[in-house]
Amino acid sequence: MSSGWVRMALARDHAIRYGFIVLLFGLIGYFAIAADGFVSPQSAVFIFQSVAITGVLALGVTATLVVGGFDLSIGSVATSAMMAAAYVMVVLEQNAIVAVVACLLIGVVVGLINGWLIVYMRVPDLLATLGMMFLLVGLQRIPTEGRSIATGMTMPDGSVANGTFGAAFLSLGRHRFDFFIPNLIPVSVVVLLVLAVLIWFFLEYTRFGRMMYAVGSNQRAAELAGAPVKAYKIWAYVISGVFASIGGILLAARLGRGDIASGNNLLLDAVAAALIGYAVLGAAKPNAFGTAVGAVFVGVLLQGLTMMNAPYYTQDFIKGVVLVVALVFTFALSGRGNR
Amino acid sequence: MGNDAVFRVDGLRKSFGHIEVLGGVSLDLHAGEVTVLMGANGAGKSTLVKIISGVYERGGGTMSLAGQNFAPQDFAPKTPAEAIRAGVVTVHQNINDGVVADLDVATNLTLDRLSGSGAPTLFNPGRVRREAKAVADRMGLAIDLKARISDLSLADRQMVAIARAMAHQPKVLILDEPTSSLSSAEADRLFALLDRLREHGVAILYISHRMSDIRRLADRIVSMRDGVISGVFDRKPLDYEGAVNAMLGRKIHLDRIVARNSARPVLTIDRLRIAEGSRPISLTLGDGEVVAITGLVGVGKTALAETLFGVRKPLTGTMVLNGKAYAPGSTGEAIAAGVFLVAKDRSENGIVGDFNIQENISLPFHRRMSRLGVLKRRIERATARRQIGELGIVCRSEKDEMSALSGGNQQKVMVARWMSQAARLFILDEPFQGVDISARRDIAAKLRASANGRATLLFVTELDEALETADRILVMSEQTIVGEHRNADIDLERLLAEVAGGPLHSAALSADR
C-alpha cells in the first residue's frame with residue numbers, strides 16, 4: 001500500500017464524512033451573499049419553523065428505519081391527530097389537555113397496530129403501513145362526513161358545533177419564546193429541538209437504542225444475543241406513531257382548525273429528511289442527528305430559493321434532487337450499501 | 001450397468017482468491033448407476049457441483065460428456081442453461097429454487113420451454129397442459145397439474161422440480177442433498193422415482209450426509225475431503241464405515257490432550273426429545289469439562305443446541321441447571337441463567353454487520369454494562385480490549401469493522417463476545433466452521449484453559465475437532481445420542497460405526513429391505 005493510495009482513501013473518507021455538512025455551510029454562505037436578509041435571526045427561525053413539523057415526523061420514522069422497518073403512515077397519523085384535536089375541542093367541547101392526550105393516544109394505538117401487523121401478522125412493513133395510511137386517511141373523514149372542522153360548523157345531525165380551540169392549545173402554535181430578541185422562537189421549534197436531542201440520546205447512548213440498531217442490522221443475531229426482537233420492533237412503531245401525533249398537534253395548533261386538505265406533503269418530506277440523514281457524517285445508516293440536519297438542509301435550500309424568487313412549484317423537484325444526491329452519497333460512495 | 005463413463009471429470013481444480021477449494025478432482029459417472037458423493041462442510045462438494053452445472057468456471061482440468069453418438073465431447077458449460085442443453089441437470093438443495101411458487105404445476109413443468117429461445121410468444125394454456133401431462137406421465141407423477149406449487153408439500157415440490165429437470169431427458173442428474181427437508185415417507189417417494197430413473201439409464205450423482213439415504217440408494221460411494229477425492233467404494237457390499245472414515249479423515253495426533261473427569265454436575269438433561277419419533281436424550285455435563293457432540297449434518301446437533309439455549313422447546317423431558325429446574329422460554333432467559341451459545345454460521349446468526357468489534361462483543365451484555373439504560377462506553381471499551389488480547393484477535397483497534405477481519409478473527413470475536421462474561425454452560429455450535437487452522441488451535445486452547453467454573457459443550461461435524469478439544473465425545477445420530485467416549489483411549493472403529501448409523505440401526509434397516 002503506497003502512501004499516495006492511503007492519502008486518496010483518507011481524502012475520500014473525509015469527503016464522505018463531511019461532504020454533506022460542507023455542502024450545507026456552502027449553501028448558507030451562498031444564500032448569505034446572494035439573497036438579501038437571509039442572514040438574520042428571524043430568517044433562521046423561519047427556516048426552523050418551516051421544517052419543525054416535518055422534522056418531528058422524520059425523527060419518528062428514523063426509529064422505524066433503525067430497526068430495519070419503514071412507516072408510511074406517519075403523514076396520515078399526523079393529519080388524523082390534527083382532526084382529532086379539532087373534533088375533541090370544537091365538537092366535544094373539551095379542553096386542550098384532553099385534546100393533546102387524545103392525539104397522543106392515537107399515535108400510540110396506531111403504532112401498536114402497525115407493530116402488531118408487522119411482527120405478528122407478518123405483513124411486510126411497507127404494505128402494513130401503507131394499508132394503515134389509507135385506513136387513517138379515510139377514517140379521519142368519517143365523523144364530519146368529509147368536511148373540515150371549525151367553530152360554528154353544522155354537524156351531520158343538524159346541530160352546530162360551538163366549541164373553540166382553547167387558548168392554551170393555540171399557544172402551542174403561536175406562542176414565541178424570547179431569546180435575546182423578544183418573541184423570537186416558536187413553540188414548535190423548541191419541540192423539534194427537544195425531541196431531536198431526546199431521540200438522538202436514546203438511539204446513540206442507551207442500550208435500547210443500541211439494540212434497535214442491532215435488530216436492524218442482523219435480527220437473528222440480536223435474537224440470539226437475548227434481545228426481545230419483537231418488542232423492540234413494536235416499540236419503534238409506537239415511537240414513530242407518537243412523534244407523528246405530536247406533529248399533528250403542532251399542525252392543529254398552527255392552523256387553528258381541523259383542515260381536511262392540509263398535511264399532504266408531510267410523509268414525503270419527512271421520509272426525505274430521514275433518508276438525507278443517512279449521508280450526514282458518512283453514517284450510511286439512519287441516525288437522529290442526520291435526520292435533523294437533513295430536515296434543516298431542505299429548509300435552508302427552500303428558504304434561500306424562495307428569497308431568490310424561485311417559484312413555489314419547483315420546490316418538490318429540488319427536494320427530490322437533494323434526496324437522490326444524498327442517496328448516491330450514502331450507497332455508492334461509502335460502499336456500505338452493497339454488503 | 002454400463003462400464004464406460006457417461007460423464008468424466010479429470011483433475012478438476014478451482015481456487016477462490018488464494019484459497020484452493022478443489023485440488024484436482026477426478027470422478028466418473030456411469031449410466032444406470034447412483035454415485036453417492038459424501039463430504040463434510042467445506043470439502044468442496046458444492047463447488048464441484050457448481051462447476052459441473054455451469055455456475056462457476058473451472059480453474060483447471062477437463063470434463064467430458066458422452067454425446068449422442070457416445071463419443072466423448074469436451075464439456076465446459078458457461079451457464080446453467082448450457083449445461084442443461086448438453087444433458088447435465090442439477091436439482092439444487094433449496095427446493096424452492098427449482099420451482100416457481102405462484103404458478104401451477106403444469107406451467108412449472110413446461111417453464112423451460114416457455115422461456116427458451118424459439119418459444120412461442122403467446123401463452124397457450126391447452127398446449128402447456130398437454131405437454132405437462134406428457135412429462136408427468138413419463139415420470140409417474142400423480143399430482144394435480146392445476147394445483148399451485150405453493151399449495152404443495154415440500155416433497156411434491158421436489159418431485160415437480162425433478163420431473164421438470166427430467167423433461168430435458170438428461171444423461172446426468174445431480175441431486176444436492178435432496179432429502180434434507182423431507183420426511184422419511186416423502187423421501188421414500190423420491191427414492192422410488194430415482195429407482196425408475198436408474199432403470200432408464202440415467203447416471204445419477206447423489207450428494208447426501210444421511211446414512212439411511214445412502215444405504216438405500218448407493219451403487220457406489222465417493223468420499224471427498226479438503227478438495228480432493230479421499231476414497232471410492234464400489235465393491236459390494238459397500239463399506240459405509242470406510243466411506244465415512246474417508247470423508248472425516250483420521251489424521252490423529254494422540255498426544256493432544258489429557259482428558260479430565262468432572263464430579264460436579266452443571267447441567268443434567270433427562271429424557272429430552274427434540275424431534276417427533278426420536279429416542280430421548282439423557283446426559284450430564286460437569287464443571288470444568290469440555291464435551292463434544294459429533295455427528296453428521298442433519299442429525300439434530302443444532303436442534304439440541306437451540307433447545308438448550310431457549311430458541312426452541314423440547315417435545316418432552318426436563319433439564320436441571322445448577323441444581324434448579326431449567327426451561328428457558330427465550331434466549332434472554334437462557335443468558336440470564338448463564339447459558340451462552342456461540343451459534344453456527346456467524347455471518348447469519350452472530351455478526352452484526354453495522355457494528356464494530358467493540359459493539360459486537362458487548363451485544364448480549366448491555367444490561368450489565370449500563371446504568372438507568374445508558375451504556376457505559378468506558379466499560380464496554382475496556383471489555384473489548386481485554387477480550388481482543390485474551391483471544392489474540394488481529395486488528396488495528398476495537399473500533400475496526402467486522403468486515404475488515406479474516407474469517408478466523410471474526411470467529412474469535414464471536415467467541416470473545418460470549419467469553420467476556422462468566423458462563424455456567426458454554427455451548428459452541430460448529431465453532432471452527434470457516435476458520436483457519438491457527439485460529440482453530442487458538443480458540444480450542446482458550447476453551448480448554450478457561451474451562452473451570454463452567455461446563456463447555458461443542459457441536460462439531462468434523463471428528464478431528466472433537467478429538468483435539470474435548471474430554472468426552474458423544475455421538476449423535478437420528479436426533480439422539482448413540483454413543484459416548486472418553487477422549488483417552490478411544491475405540492475409533494466403534495465411534496465411526498456410531499457416526500455412520502450404528503450396527504443396531506443398520507441391522508434394522510437391512511431387515512426391512
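This is a predicted model: local features need pLDDT of at least 70, side-chain atom pairs count only at pLDDT 80 or more; totals for chains, interfaces and linings use all residues.
**Figure 1. Overall view of chain A.** Chain A contains 13 helices and two strands. Its radius of gyration, 21 Å, is close to the 20 Å that the globule rule gives for 339 residues, so chain A is as compact as a globular protein of that length. Along the principal axes, the C-alpha atoms of chain A fill a box of roughly 80 × 55 × 35 Å. Of the 339 residues in chain A, 47% are buried. Among contacts in chain A with a separation of 6 or more, 74% are between residues 24 or more positions apart.

**Figure 2. Contact between chain A and chain B.** The contact takes 19 residues from chain A and 21 residues from chain B. On the chain A side, helix 8 (207–217) and helix 9 (219–224) each supply at least two residues. Helix 8 of chain A gives the most to this side, with seven residues. By class, the residues of chain A that touch chain B are nine nonpolar, four polar and six charged.

**Figure 3. Crossing of helix 8 and helix 10 in chain A.** The axes of helix 8 of chain A and helix 10 of chain A (residues 229–255) come within 10 Å and cross at roughly 105 degrees. Angles of 65 to 115 degrees count as roughly perpendicular, and helix 8 and helix 10 of chain A are therefore roughly perpendicular to each other. From helix 8 of chain A, the residues in this contact are Met211(A), Met212(A) and Val215(A). They meet Val229(A), Tyr232(A), Lys233(A) and Ala236(A) of helix 10 of chain A. The contact has six nonpolar residues, no polar residues and one charged residue.

**Figure 4. Loop between strand 1 and strand 2 of chain A.** Phe180(A) is found in the loop between strand 1 (176–179) and strand 2 (181–186) of chain A. Its phi is near 65 degrees, a positive value in a residue other than glycine. Phe180(A) has 7 C-beta neighbours inside 10 Å. The cut-off for an exposed residue is 12 or fewer, so Phe180(A) counts as exposed.

**Figure 5. The two domains of chain B and their contact.** The domain assignment of chain B gives domain 1, made of 5–87 and 168–248, and domain 2, spanning 265–511. Taken over C-alpha atoms, the centres of domain 1 and domain 2 of chain B are separated by 32 Å. In the contact, 13 residues of domain 1 of chain B meet 14 residues of domain 2 of chain B. Helix 8 (211–217) and helix 9 (240–248) of chain B each supply at least two residues of the domain 1 side. The largest share of that side, five residues, comes from helix 9 of chain B. The residues on the domain 1 side divide into five nonpolar, five polar and three charged.

**Figure 6. Surroundings of helix 9 of chain B.** Seven of the nine residues of helix 9 of chain B are buried, so this helix is largely enclosed by the rest of the structure. The buried residues are Tyr240(B), Ala243(B), Val244(B), Asn245(B), Ala246(B), Met247(B) and Leu248(B). Their packing partners in chain B include strand 3 (34–39), strand 9 (220–225) and strand 10 (228–233). Helix 8, helix 17 (463–469) and helix 18 (492–499) of chain B are also among the elements they pack against. The loop between strand 10 and helix 9 of chain B holds Pro237(B). A cis peptide bond joins Lys236(B) and Pro237(B), with omega about -10 degrees.

**Figure 7. Val222(B) in strand 9 of chain B.** Val222(B) has its place in strand 9 of chain B. With 27 C-beta neighbours inside 10 Å, Val222(B) counts as buried. Leaving aside residues up to four places away in sequence, Val222(B) touches Leu27(B), Thr35(B), Leu37(B), Ile229(B) and Val232(B). Val222(B) and Val311(B) are 89 residues apart in sequence, and 36 Å separate their C-alpha atoms.

**Figure 8. Loop between strand 17 and strand 18 of chain B.** Leu372(B) is found in the loop between strand 17 (370–371) and strand 18 (374–375) of chain B. The phi of Leu372(B) is near 50 degrees, a positive value in a residue other than glycine. Leu372(B) is exposed, with 6 other C-beta atoms within 10 Å.

Notes. Residues are numbered from 1 along each chain as its sequence is written. Chains are lettered from A and ligands numbered from 1 in the order in which they are written. Domain bounds come from an automatic or database domain assignment. Two residues are in contact if their C-beta atoms, placed from the backbone, lie within 7 Å. Helices (H or I, at least four residues) and strands (E, at least two) are DSSP runs, numbered from the N terminus. Ala, Val, Leu, Ile, Met, Phe, Trp, Tyr, Cys and Pro count as nonpolar, Asp, Glu, Lys and Arg as charged, and the others, Gly among them, as polar. A residue is buried if 20 or more other C-beta atoms lie within 10 Å of its own, exposed if 12 or fewer, and partly exposed in between; C-beta atoms are placed from the backbone. The radius of gyration is taken over C-alpha atoms; the globule rule is 2.2 Å times the number of residues to the power 0.38. Axes are lines fitted to C-alpha atoms, for helices over the stretch in contact, and angles run from 0 to 180 degrees between N-to-C directions. Angles under 35 degrees count as roughly parallel, over 145 as roughly antiparallel, 65 to 115 as roughly perpendicular and the rest as oblique.
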